[in-house]
Amino acid sequence: MEGNMKCAVLQEIGRFTIETVPIPKYGSKDILVRVKYSAICGSDVHIFDTGFGLKEFPFIIGHEFSGEIVEKGNEVEVLEVGDRVMGLNIDFCGECWWCKNGLWDCPNIVKTGIGFYEQGAFAEFVVIKNARLNFNVYKLPNKLDDRVGSLAEPISVGVGNVDAIEVKKGDKVLVLGAGIIGLGAIAAAKAKGAEVAVINRSKTRLAKAIEMGADHAFSPLDGDPMDWIINLWGNGIYAYHYGPKEGGMADIVIEAAGVPTTFRQAFEMVRVGGKICIAGTATELATIDPNWILLKNPKIFSGLSGNFAESVRMLANKEIDGDKLISHEFNLEQIQEAFEVAKNTKESIKVILKIAE
Ligand SMILES: [Zn+2]
Ligand SMILES: [Zn+2]
(Lines give C-alpha, C1' and ligand atoms only; values in the text may rest on other atoms or scores of the structure.)
(Ligands and ions follow the chains in the order given, each with its own letter.)
Protein backbone atom coordinates (compact mmCIF):
# COMPACT_ATOMS: atom_id res chain seq x y z
CA MET A 1 0.00 0.00 0.00
CA GLU A 2 1.33 3.40 -0.94
CA GLY A 3 1.15 6.34 1.41
CA ASN A 4 2.06 7.36 4.91
CA MET A 5 1.00 6.35 8.39
CA LYS A 6 1.02 7.79 11.85
CA CYS A 7 3.14 6.06 14.47
CA ALA A 8 4.78 6.56 17.85
CA VAL A 9 8.56 6.45 17.72
CA LEU A 10 10.58 5.73 20.84
CA GLN A 11 13.41 8.19 20.23
CA GLU A 12 15.44 7.32 23.30
CA ILE A 13 14.86 5.94 26.78
CA GLY A 14 11.67 7.50 28.15
CA ARG A 15 10.68 9.65 25.15
CA PHE A 16 8.16 9.04 22.36
CA THR A 17 7.36 11.35 19.48
CA ILE A 18 4.44 11.05 17.04
CA GLU A 19 5.70 10.83 13.46
CA THR A 20 4.46 10.29 9.92
CA VAL A 21 6.39 7.59 8.05
CA PRO A 22 5.81 5.46 4.92
CA ILE A 23 3.47 2.47 5.29
CA PRO A 24 5.78 -0.57 5.63
CA LYS A 25 6.54 -2.84 2.64
CA TYR A 26 5.76 -6.55 2.84
CA GLY A 27 6.95 -9.70 1.09
CA SER A 28 5.16 -12.51 -0.73
CA LYS A 29 4.57 -14.53 2.47
CA ASP A 30 3.59 -11.56 4.64
CA ILE A 31 0.40 -9.72 5.54
CA LEU A 32 -0.16 -6.00 6.09
CA VAL A 33 -2.42 -5.31 9.07
CA ARG A 34 -4.23 -2.08 9.89
CA VAL A 35 -3.84 -1.87 13.67
CA LYS A 36 -6.99 -1.18 15.71
CA TYR A 37 -5.80 -1.45 19.31
CA SER A 38 -2.36 -1.97 20.82
CA ALA A 39 -1.85 -2.92 24.46
CA ILE A 40 1.16 -1.86 26.50
CA CYS A 41 3.12 -4.86 27.77
CA GLY A 42 5.37 -4.99 30.84
CA SER A 43 8.24 -5.61 28.43
CA ASP A 44 7.34 -2.39 26.55
CA VAL A 45 7.61 -0.49 29.84
CA HIS A 46 10.95 -2.19 30.43
CA ILE A 47 12.15 -1.07 26.98
CA PHE A 48 10.82 2.46 27.67
CA ASP A 49 12.80 2.56 30.93
CA THR A 50 16.01 0.83 29.86
CA GLY A 51 16.08 0.16 26.12
CA PHE A 52 16.54 -3.54 26.98
CA GLY A 53 16.07 -6.02 24.12
CA LEU A 54 15.59 -3.38 21.46
CA LYS A 55 17.42 -3.45 18.13
CA GLU A 56 18.17 0.27 18.05
CA PHE A 57 16.90 3.79 18.68
CA PRO A 58 14.80 5.34 17.29
CA PHE A 59 12.31 2.46 17.07
CA ILE A 60 8.58 1.71 16.84
CA ILE A 61 7.74 -0.77 19.60
CA GLY A 62 4.49 -2.55 20.56
CA HIS A 63 3.61 -6.23 20.02
CA GLU A 64 0.17 -6.86 21.57
CA PHE A 65 -2.39 -5.83 18.99
CA SER A 66 -5.58 -6.45 17.10
CA GLY A 67 -6.29 -5.33 13.57
CA GLU A 68 -7.54 -6.13 10.10
CA ILE A 69 -5.68 -7.55 7.12
CA VAL A 70 -5.63 -4.89 4.39
CA GLU A 71 -3.17 -6.49 1.96
CA LYS A 72 -1.35 -9.80 1.63
CA GLY A 73 1.54 -11.32 -0.27
CA ASN A 74 0.71 -13.61 -3.21
CA GLU A 75 1.97 -16.75 -1.44
CA VAL A 76 -0.22 -16.26 1.64
CA GLU A 77 -2.95 -18.90 1.86
CA VAL A 78 -6.10 -19.17 3.97
CA LEU A 79 -5.78 -15.67 5.43
CA GLU A 80 -7.78 -13.08 3.48
CA VAL A 81 -8.00 -9.32 3.20
CA GLY A 82 -10.69 -8.20 5.65
CA ASP A 83 -9.93 -10.88 8.26
CA ARG A 84 -9.77 -9.52 11.80
CA VAL A 85 -6.66 -10.88 13.48
CA MET A 86 -4.18 -10.76 16.34
CA GLY A 87 -0.51 -11.47 15.86
CA LEU A 88 2.45 -12.20 18.05
CA ASN A 89 5.99 -11.04 18.24
CA ILE A 90 7.91 -14.22 17.53
CA ASP A 91 9.53 -14.14 14.12
CA PHE A 92 9.44 -17.71 12.75
CA CYS A 93 11.56 -18.48 9.68
CA GLY A 94 8.72 -20.39 8.00
CA GLU A 95 11.23 -22.63 6.16
CA CYS A 96 12.69 -25.13 8.63
CA TRP A 97 11.35 -28.58 9.52
CA TRP A 98 9.78 -27.29 12.76
CA CYS A 99 8.02 -24.37 11.08
CA LYS A 100 6.74 -26.57 8.27
CA ASN A 101 5.38 -29.03 10.83
CA GLY A 102 3.62 -26.35 12.82
CA LEU A 103 5.92 -26.65 15.84
CA TRP A 104 7.25 -23.76 17.88
CA ASP A 105 10.82 -24.92 18.09
CA CYS A 106 12.17 -23.02 15.08
CA PRO A 107 15.95 -22.93 15.58
CA ASN A 108 16.25 -19.87 13.35
CA ILE A 109 14.61 -17.46 15.76
CA VAL A 110 17.57 -15.29 16.59
CA LYS A 111 15.71 -12.17 17.62
CA THR A 112 12.16 -11.71 18.72
CA GLY A 113 10.17 -10.00 16.02
CA ILE A 114 7.47 -7.33 15.99
CA GLY A 115 8.14 -4.52 18.43
CA PHE A 116 11.66 -5.66 19.28
CA TYR A 117 13.48 -6.25 16.03
CA GLU A 118 10.82 -5.56 13.41
CA GLN A 119 8.62 -2.47 13.34
CA GLY A 120 6.06 -2.67 16.14
CA ALA A 121 2.35 -2.06 16.53
CA PHE A 122 2.25 1.43 18.05
CA ALA A 123 1.55 2.45 14.47
CA GLU A 124 -1.37 2.48 12.05
CA PHE A 125 0.04 -0.45 10.05
CA VAL A 126 2.23 -3.42 10.89
CA VAL A 127 3.61 -6.32 8.81
CA ILE A 128 3.36 -9.91 10.03
CA LYS A 129 6.08 -11.87 8.26
CA ASN A 130 5.62 -15.49 7.16
CA ALA A 131 1.97 -15.21 8.16
CA ARG A 132 0.41 -18.58 8.95
CA LEU A 133 -3.03 -19.03 10.42
CA ASN A 134 -3.11 -20.53 13.92
CA PHE A 135 0.65 -20.33 14.14
CA ASN A 136 1.70 -16.70 14.23
CA VAL A 137 -1.67 -15.19 13.27
CA TYR A 138 -5.04 -15.92 14.85
CA LYS A 139 -8.44 -14.79 13.61
CA LEU A 140 -10.72 -12.94 15.99
CA PRO A 141 -14.28 -14.31 15.96
CA ASN A 142 -17.12 -11.81 15.39
CA LYS A 143 -18.15 -11.84 19.03
CA LEU A 144 -14.66 -10.75 20.15
CA ASP A 145 -14.23 -7.03 19.54
CA ASP A 146 -10.96 -5.37 18.52
CA ARG A 147 -10.56 -3.69 21.90
CA VAL A 148 -10.56 -6.88 23.99
CA GLY A 149 -8.94 -8.74 21.09
CA SER A 150 -5.75 -6.78 21.77
CA LEU A 151 -5.46 -8.72 25.05
CA ALA A 152 -5.39 -12.14 23.40
CA GLU A 153 -1.58 -12.19 23.35
CA PRO A 154 -0.90 -11.24 27.00
CA ILE A 155 -3.77 -13.41 28.28
CA SER A 156 -2.46 -16.39 26.31
CA VAL A 157 0.37 -16.94 28.80
CA GLY A 158 -1.78 -17.50 31.90
CA VAL A 159 -4.25 -19.51 29.82
CA GLY A 160 -1.42 -21.60 28.37
CA ASN A 161 0.05 -22.23 31.83
CA VAL A 162 -3.25 -23.49 33.22
CA ASP A 163 -3.56 -25.75 30.19
CA ALA A 164 0.01 -27.09 30.37
CA ILE A 165 -0.17 -27.98 34.07
CA GLU A 166 -3.59 -29.57 33.58
CA VAL A 167 -5.56 -27.71 36.23
CA LYS A 168 -8.64 -29.75 37.13
CA LYS A 169 -11.95 -29.10 38.87
CA GLY A 170 -11.42 -28.84 42.62
CA ASP A 171 -7.66 -28.23 42.47
CA LYS A 172 -6.34 -25.74 45.01
CA VAL A 173 -4.38 -23.30 42.86
CA LEU A 174 -2.21 -20.60 44.38
CA VAL A 175 -1.15 -17.75 42.09
CA LEU A 176 1.81 -15.66 43.26
CA GLY A 177 1.58 -12.29 41.54
CA ALA A 178 -1.45 -10.56 40.02
CA GLY A 179 0.08 -9.02 36.91
CA ILE A 180 -1.51 -9.78 33.56
CA ILE A 181 -0.08 -13.34 33.52
CA GLY A 182 -1.34 -14.03 37.03
CA LEU A 183 -4.75 -12.50 36.34
CA GLY A 184 -5.11 -14.51 33.14
CA ALA A 185 -4.13 -17.68 35.02
CA ILE A 186 -6.66 -16.93 37.77
CA ALA A 187 -9.49 -16.53 35.28
CA ALA A 188 -8.45 -19.63 33.33
CA ALA A 189 -8.11 -21.75 36.50
CA LYS A 190 -11.56 -20.62 37.67
CA ALA A 191 -12.99 -21.60 34.29
CA LYS A 192 -11.61 -25.12 34.95
CA GLY A 193 -13.41 -25.23 38.30
CA ALA A 194 -10.38 -24.77 40.56
CA GLU A 195 -10.33 -23.04 43.94
CA VAL A 196 -7.96 -20.11 43.52
CA ALA A 197 -5.92 -18.11 46.03
CA VAL A 198 -3.69 -15.17 45.12
CA ILE A 199 -0.90 -13.32 46.91
CA ASN A 200 0.18 -9.87 45.73
CA ARG A 201 1.26 -6.65 47.43
CA SER A 202 -0.95 -4.16 45.57
CA LYS A 203 -4.53 -4.09 46.88
CA THR A 204 -5.78 -2.62 43.60
CA ARG A 205 -4.49 -5.74 41.89
CA LEU A 206 -5.92 -8.03 44.58
CA ALA A 207 -9.33 -6.41 44.07
CA LYS A 208 -8.95 -7.08 40.34
CA ALA A 209 -7.94 -10.69 41.05
CA ILE A 210 -11.18 -11.16 43.01
CA GLU A 211 -13.12 -9.61 40.12
CA MET A 212 -11.47 -12.17 37.82
CA GLY A 213 -12.74 -14.93 40.09
CA ALA A 214 -10.09 -15.52 42.79
CA ASP A 215 -11.66 -17.04 45.90
CA HIS A 216 -9.02 -15.88 48.38
CA ALA A 217 -6.62 -12.92 48.24
CA PHE A 218 -3.84 -11.75 50.52
CA SER A 219 -1.29 -8.94 50.62
CA PRO A 220 2.05 -9.46 52.41
CA LEU A 221 1.51 -5.92 53.73
CA ASP A 222 -1.06 -7.47 56.08
CA GLY A 223 1.04 -10.24 57.60
CA ASP A 224 2.98 -13.43 56.91
CA PRO A 225 1.87 -15.13 53.67
CA MET A 226 2.94 -18.55 55.00
CA ASP A 227 0.67 -18.22 58.05
CA TRP A 228 -2.13 -17.14 55.76
CA ILE A 229 -1.84 -20.05 53.34
CA ILE A 230 -1.58 -22.59 56.19
CA ASN A 231 -4.69 -21.12 57.82
CA LEU A 232 -6.45 -21.32 54.47
CA TRP A 233 -5.58 -24.81 53.21
CA GLY A 234 -3.83 -26.49 56.13
CA ASN A 235 -0.27 -27.39 57.06
CA GLY A 236 1.45 -29.69 54.59
CA ILE A 237 4.37 -31.35 56.30
CA TYR A 238 7.26 -32.63 54.21
CA ALA A 239 7.80 -36.29 53.32
CA TYR A 240 8.92 -38.52 56.24
CA HIS A 241 8.32 -35.51 58.50
CA TYR A 242 11.79 -34.29 57.58
CA GLY A 243 12.61 -30.71 56.88
CA PRO A 244 10.67 -27.67 58.00
CA LYS A 245 7.67 -28.21 60.22
CA GLU A 246 5.51 -25.98 58.08
CA GLY A 247 4.50 -26.14 54.45
CA GLY A 248 1.60 -25.20 52.22
CA MET A 249 -1.04 -27.53 50.82
CA ALA A 250 -1.57 -25.99 47.38
CA ASP A 251 -2.02 -28.62 44.67
CA ILE A 252 -0.59 -26.16 42.17
CA VAL A 253 1.44 -22.97 42.54
CA ILE A 254 1.80 -20.60 39.60
CA GLU A 255 4.74 -18.26 40.20
CA ALA A 256 3.96 -15.13 38.17
CA ALA A 257 5.88 -12.41 39.99
CA GLY A 258 9.50 -13.22 39.14
CA VAL A 259 11.12 -12.18 42.41
CA PRO A 260 13.30 -14.32 44.73
CA THR A 261 10.69 -14.32 47.51
CA THR A 262 7.96 -15.78 45.33
CA PHE A 263 10.25 -18.43 43.81
CA ARG A 264 10.98 -19.56 47.37
CA GLN A 265 7.32 -19.38 48.36
CA ALA A 266 6.34 -21.55 45.39
CA PHE A 267 8.38 -24.42 46.85
CA GLU A 268 7.29 -23.73 50.42
CA MET A 269 3.59 -23.46 49.64
CA VAL A 270 3.09 -26.37 47.23
CA ARG A 271 2.01 -29.65 48.81
CA VAL A 272 4.07 -32.84 48.61
CA GLY A 273 3.67 -34.16 45.07
CA GLY A 274 2.08 -30.94 43.81
CA LYS A 275 2.94 -28.90 40.73
CA ILE A 276 4.85 -25.64 40.30
CA CYS A 277 4.70 -23.50 37.18
CA ILE A 278 7.45 -20.90 36.84
CA ALA A 279 5.94 -18.12 34.72
CA GLY A 280 7.68 -15.03 36.15
CA THR A 281 10.85 -13.76 34.50
CA ALA A 282 13.59 -13.56 37.11
CA THR A 283 15.93 -10.59 37.16
CA GLU A 284 18.11 -11.99 39.94
CA LEU A 285 19.04 -15.35 41.47
CA ALA A 286 16.65 -17.03 43.90
CA THR A 287 17.70 -19.34 46.74
CA ILE A 288 15.96 -22.71 46.84
CA ASP A 289 16.78 -25.39 49.44
CA PRO A 290 17.30 -28.62 47.44
CA ASN A 291 15.57 -30.47 50.27
CA TRP A 292 12.35 -28.78 49.27
CA ILE A 293 12.57 -30.70 46.01
CA LEU A 294 13.87 -33.92 47.60
CA LEU A 295 11.19 -33.99 50.27
CA LYS A 296 8.26 -32.59 48.31
CA ASN A 297 8.83 -34.10 44.89
CA PRO A 298 7.04 -31.28 43.06
CA LYS A 299 6.57 -31.44 39.31
CA ILE A 300 8.02 -28.30 37.80
CA PHE A 301 6.74 -26.71 34.59
CA SER A 302 7.95 -23.81 32.48
CA GLY A 303 5.38 -21.09 31.96
CA LEU A 304 7.06 -19.75 28.86
CA SER A 305 4.66 -20.64 26.10
CA GLY A 306 1.16 -19.31 25.61
CA ASN A 307 -1.96 -20.84 24.15
CA PHE A 308 -3.25 -18.26 21.69
CA ALA A 309 -6.17 -20.24 20.26
CA GLU A 310 -7.50 -20.98 23.74
CA SER A 311 -6.99 -17.35 24.80
CA VAL A 312 -9.01 -16.10 21.81
CA ARG A 313 -11.72 -18.70 22.49
CA MET A 314 -12.03 -17.86 26.21
CA LEU A 315 -12.10 -14.10 25.60
CA ALA A 316 -14.69 -14.52 22.82
CA ASN A 317 -16.92 -16.71 25.02
CA LYS A 318 -16.47 -14.35 27.99
CA GLU A 319 -15.05 -17.23 30.03
CA ILE A 320 -12.47 -14.54 30.66
CA ASP A 321 -13.95 -11.05 30.86
CA GLY A 322 -11.22 -9.08 29.10
CA ASP A 323 -13.04 -5.77 29.60
CA LYS A 324 -12.31 -5.95 33.30
CA LEU A 325 -8.57 -6.13 32.67
CA ILE A 326 -8.46 -2.86 30.72
CA SER A 327 -7.94 -0.15 33.31
CA HIS A 328 -7.01 2.71 30.98
CA GLU A 329 -7.46 3.59 27.31
CA PHE A 330 -5.62 6.34 25.44
CA ASN A 331 -5.20 7.31 21.82
CA LEU A 332 -1.86 7.06 20.04
CA GLU A 333 -1.02 10.75 20.52
CA GLN A 334 -1.24 10.25 24.29
CA ILE A 335 1.32 7.45 24.34
CA GLN A 336 3.76 9.29 26.59
CA GLU A 337 1.07 9.72 29.26
CA ALA A 338 -0.13 6.15 28.68
CA PHE A 339 3.34 4.82 29.51
CA GLU A 340 3.55 6.89 32.68
CA VAL A 341 0.23 5.33 33.75
CA ALA A 342 1.37 1.82 32.75
CA LYS A 343 4.54 2.27 34.82
CA ASN A 344 2.42 2.71 37.93
CA THR A 345 1.55 -0.97 38.23
CA LYS A 346 -0.02 -0.47 41.65
CA GLU A 347 -2.85 1.54 40.10
CA SER A 348 -3.11 0.39 36.49
CA ILE A 349 -3.87 -3.09 35.19
CA LYS A 350 -3.78 -3.14 31.38
CA VAL A 351 -3.31 0.10 29.48
CA ILE A 352 -4.33 0.06 25.82
CA LEU A 353 -3.98 2.48 22.93
CA LYS A 354 -6.74 3.03 20.41
CA ILE A 355 -5.02 3.30 17.06
CA ALA A 356 -7.99 3.31 14.64
CA GLU A 357 -11.78 2.82 14.58
ZN1 LIG B 1 3.97 -8.68 25.72
ZN1 LIG C 1 11.76 -22.08 11.36
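Asn 130 sits in the loop between strand S6 (125-128) and strand S7. Helices (H or I, at least four residues) and strands (E, at least two) are DSSP runs, numbered from the N terminus. With 17% relative accessibility, Asn 130 counts as buried. Buried means under 20% relative accessible area, exposed over 50%, and partly exposed in between, with a 1.4 Å probe and protein chains only. Beyond its neighbours within four places in sequence, Asn 130 is in contact with Lys 29, Asp 30, Phe 92, Cys 93, Gly 94 and Asn 136. Contact means heavy atoms within 4.5 Å.

This is a predicted model: local features need pLDDT of at least 70, side-chain atom pairs count only at pLDDT 80 or more, and totals for chains, interfaces and linings use all residues. Residues are numbered from 1 along each chain as its sequence is written, chains are lettered from A and ligands numbered from 1 in the order in which they are written, and side-chain values use heavy atoms, with hydrogens and water left out.

Strand S7 leads on to its pairing. Two strands pair if DSSP finds at least two bridges between them. S7 (residues 137-139) runs antiparallel to S5, and three bridges join them. Met 86 has Tyr 138 as its bridge partner in S7. S5 (residues 84-87) also pairs with strand S4 (residues 64-72), again antiparallel, over three bridges. There, Ser 66 has Met 86 as its bridge partner in S5.

Now step back to the domains. The domain assignment of the chain gives domain 1 (4-139 + 321-354) and domain 2 (155-302). Such bounds come from an automatic or database domain assignment. The centres of the two domains, taken over C-alpha atoms, are 31 Å apart. Nine residues from domain 1 and nine residues from domain 2 make the contact.

An open sheet comes next. Its six strands follow the order S10-S9-S8-S11-S12-S13, with parallel pairing. Strand S10 (216-218) and strand S13 (299-302) stand at the edges; each has a single partner strand, so one side of each is left without a neighbour in the sheet. From one strand to the next, the twist averages 15°. Strand S12 (residues 270-278) pairs with S13 in the parallel sense over four bridges. Ile 278 has Ser 302 as its bridge partner in S13. Helix H5 packs on the sheet and touches S8, S9 and S11; its direction makes about 165° with that of S9. Axes are lines fitted to C-alpha atoms, for helices over the stretch in contact, and angles run from 0 to 180 degrees between N-to-C directions.

A nonpolar core is a set of buried Ala, Val, Leu, Ile, Met, Phe, Trp, Tyr and Cys residues joined through side-chain atoms within 4.5 Å. The largest has 51 residues, and Val 173, Ile 186 and Ile 254 have the most contacts inside it. Elements that give two or more residues to this core include strand S3 (31-39), strand S8 (172-176), helix H5 (180-191) and strand S11 (250-255). H5 gives the most, with seven residues. Domain 1 and domain 2 both give residues to this core, so it lies between them. Not counting residues up to four places away in sequence, Val 173 touches several residues, among them Ala 189, Val 196, Trp 233 and Ile 254. Another core lies apart from this one; it has 36 residues, including Phe 65, Val 76, Leu 79 and Val 85.
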